[in-house]
Amino acid sequence: MEEREFNLLDEPWIKVITPSMEQKEVSLKDVMIHAHEYKDLAGEMATQDAALFRVLLAVALTCFYRYGADGQEEPLISEDDMEDDAEEDDEDDDQEDGGAGKNIVLRRWKRYWNQGRFPKQALEGCLEAWRERFWLFHPETPFWQVKNLNYGTQYDVECLFGNVKESNNVRTRHHFSMTEGEEVDQLSYGEAARWLVHLNAYAVNLKTDKKAPGPGFPVGVGRLGRLGFIMVNGENLFQILMLNLCAYNTDKELWGEPKPVWEQAVRTEQGCERETFDNLPELYTMQSRRISLERDKNGRLTGFRAMGGDFCPLEDGFNEPMTIWKEKKGDKKTDPSCFLPQTHNPAVHAWREFPVLFGQKEHIPGVVQWIQTLHGEKMLPPNFLLTFRMIGMVYGDQMNYTYGDCVNDGLSMSADLLADLSRAWRSRIADQVEKCQNTASAALSHAALKLCRLLYGSGSTKNGIKDALVRQYYFSVDGLFRQWLVSIDPMSDSPDEKQAQWERQSYYYARKTLEDYVADLGTDIYMYREDESKDGPKRLLTIPRIVNEFLGELGRIYILTEDEE
């Protein structure tokens with residue numbers, strides 16, 4: 001068996017989808033050189049694609065910072081660029097502030113974008129120099145691994161899969177897999193490489209090995225498992241990479257020199273806290289785990305060993321551009337407020353996170369700021385339709401020791417909504433999301449509570465009515481809200497008319513949700529029960545009273561005319 005085996009630069013291992021909607025496996029060099037010829041990644045699950053996408057972004061950024069669009073080596077911070085930039089600043093005094101780096105970056109980005117593909121010569125220059133670091137199996141430096149790792153936890157090969165669910169039966173420990181292709185115990189090297197990248201990004205929690213060298217801090221789940229991951233889609237993989245490039249930081253200054261993991265010394269310490277990264281390729285390829293793949297003499301993968309690797313603080317870590325943020329209120333004296341990544345909830349549709357993405361109170365994700373800049377500089381095509389993808393992993397237990405469900409949702413809208421002139425539009429959309437939440441959490445919930453008292457008596461712990469009503473309401477309006485959002489043309493539509501259009505639909509389906517539910521009860525419409533709740537005087541509860549009170553509360557959320565009702 002060869003000591004060096006399966007080089008990721010040449011061997012097919014990354015799954016992509018072609019314009020004819022066919023799937024194929026390609027090498028790392030191929031996927032970058034021909035990125036414009038592929039629609040998107042097409043791995044076993046969305047989280048695997050997200051993890052691989054960060055690796056491709058690390059390659060793209062490294063190439064972008066070191067090479068011009070013509071493929072010639074030209075560091076982004078060259079003296080010629082600085083002189084040209086100064087001249088352009090003199091010619092355009094009204095240009096948005098943001099430092100010299102902003103203009104350099106945007107000028108190069110436009111050249112790449114207009115060219116429509118990554119320069120082959122540049123990619124080969126970035127990758128071939130580090131060929132030895134891309135062997136999946138290597139006597140010294142296996143890709144993203146630690147050779148002969150003797151510490152940490154030993155895992156069977158099925159634990160490499162992110163789509164294998166473990167049952168709660170301790171005695172049998174059954175695993176359930178949706179993996180395509182070969183059997184779990186006959187894992188190909190290509191698929192193993194994909195799951196290796198996924199493992200580093202979304203690994204489940206693990207215990208600290210007290211004997212392992214290093215600080216040994218608990219690291220939690222993998223880096224991406226702790227984020228509310230968000231990215232922007234495009235027409236092909238090249239566009240997707242360029243739209244998510246975030247080629248300067250949130251202060252519109254250049255990042256530091258790219259330092260992807262394959263250009264660094266192999267780190268072997270356990271549980272290391274890293275300071276804030278000054279470049280994205282290093283952040284995107286951070287080793288959340290020290291991993292060593294294991295195989296037998298016949299080349300069959302038998303398992304792997306892993307222990308905690310690197311992690312960086314999440315609080316106010318705004319150098320991370322691909323996550324949504326939520327403010328954590330603290331004690332004013334001892335624990336100041338901060339922003340933390342907000343992981344995705346599978347029960348919350350993507351459009352309900354609109355206020356977090358574009359609101360004025362929360363910190364806007366770096367990738368959204370990047371798209372705002374591209375749109376503001378008129379670098380995107382007219383009437384460009386944006387689609388934000390939100391991907392995440394929900395772990396299967398409270399301690400995050402097993403994999404659970406995968407979150408994969410999208411949100412589409414006109415890029416014009418990101419313009420400065422559209423702030424009023426964004427505020428109105430956020431208000432409509434809040435009204436939908438009030439409809440569910442207040443009006444429908446209150447009606448559900450009264451129905452519960454009517455049907456089961458005071459003090460009942462049955463909450464299935466609320467869950468059924470809220471679930472049905474959001475199911476009814478989900479597709480409609482997405483269509484309404486896409487239909488908005490902020491340059492020509494009337495905000496009042498578009499708002500009224502949506503409010504009529506939301507009001508109708510909220511009302512229909514409750515009325516359909518009570519119609520299906522099969523109970524006499526005049527049945528009544530004395531309300532024994534402690535929140536008011538005793539009275540008779542009837543279904544007509546509950547419906548009328550619900551409509552009154554709904555009418556305070558959506559103030560419609562008599563004709564509209």
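The charged end of Arg295 sits over the ring of Phe137, 3.9 Å from the ring centre. Arg352 makes a contact of this kind too: its charged end lies over the ring of Tyr474, at 3.8 Å from the centre. These values come from a predicted model.

Aromatic rings also meet one another. Searching the whole structure turns up 27 aromatic pairs. One of them joins Phe118 and Phe238, and it is edge-to-face because the planes stand at 75 degrees, where over 60 is the cut-off. This pair links distant parts of the chain, 120 residues apart. Phe118 sits in the loop between α4 (100-115) and α5 (120-128). Phe238 belongs to helix α7 (residues 237-243).

Are these two rings' residues buried or exposed? Phe118 has 1% relative accessibility, so it counts as buried. Phe238 has 2% relative accessibility, so it counts as buried.

Another edge-to-face pair is formed by Phe481 and Trp502. Phe481 lies in helix α12 (residues 464-487), and Trp502 lies in helix α13 (residues 495-519). The pair therefore ties together parts 21 residues apart in sequence. Phe481 and Trp502 are both buried.

The two pairs are set out here.

| Pair | Centre to centre | Angle between planes |
|---|---|---|
| Phe118 and Phe238 | 4.9 Å | 75 degrees |
| Phe481 and Trp502 | 5.0 Å | 90 degrees |

Which residues make up the aromatic cluster that includes Phe481? Trp351, Tyr473, Tyr474, Phe481, Trp484 and Trp502 form it. Tyr474, a member of this cluster, is also the residue whose ring lies under the charged end of Arg352.

How values were computed. Residues are numbered from 1 along each chain as its sequence is written. This is a predicted model: local features need pLDDT of at least 70, side-chain atom pairs count only at pLDDT 80 or more; totals for chains, interfaces and linings use all residues. Side-chain values use heavy atoms; hydrogens and water are left out. Rings of Phe, Tyr and Trp (its six-membered ring) pair if their centres lie within 6.5 Å; planes under 30 degrees apart count as stacked, over 60 as edge-to-face and the rest as tilted. Helices (H or I, at least four residues) and strands (E, at least two) are DSSP runs, numbered from the N terminus. Buried means under 20% relative accessible area, exposed over 50%, partly exposed in between (1.4 Å probe, protein chains only). A charge sits over a ring if NZ of Lys or CZ of Arg is within 6 Å of the ring centre and within 35 degrees of the ring normal.
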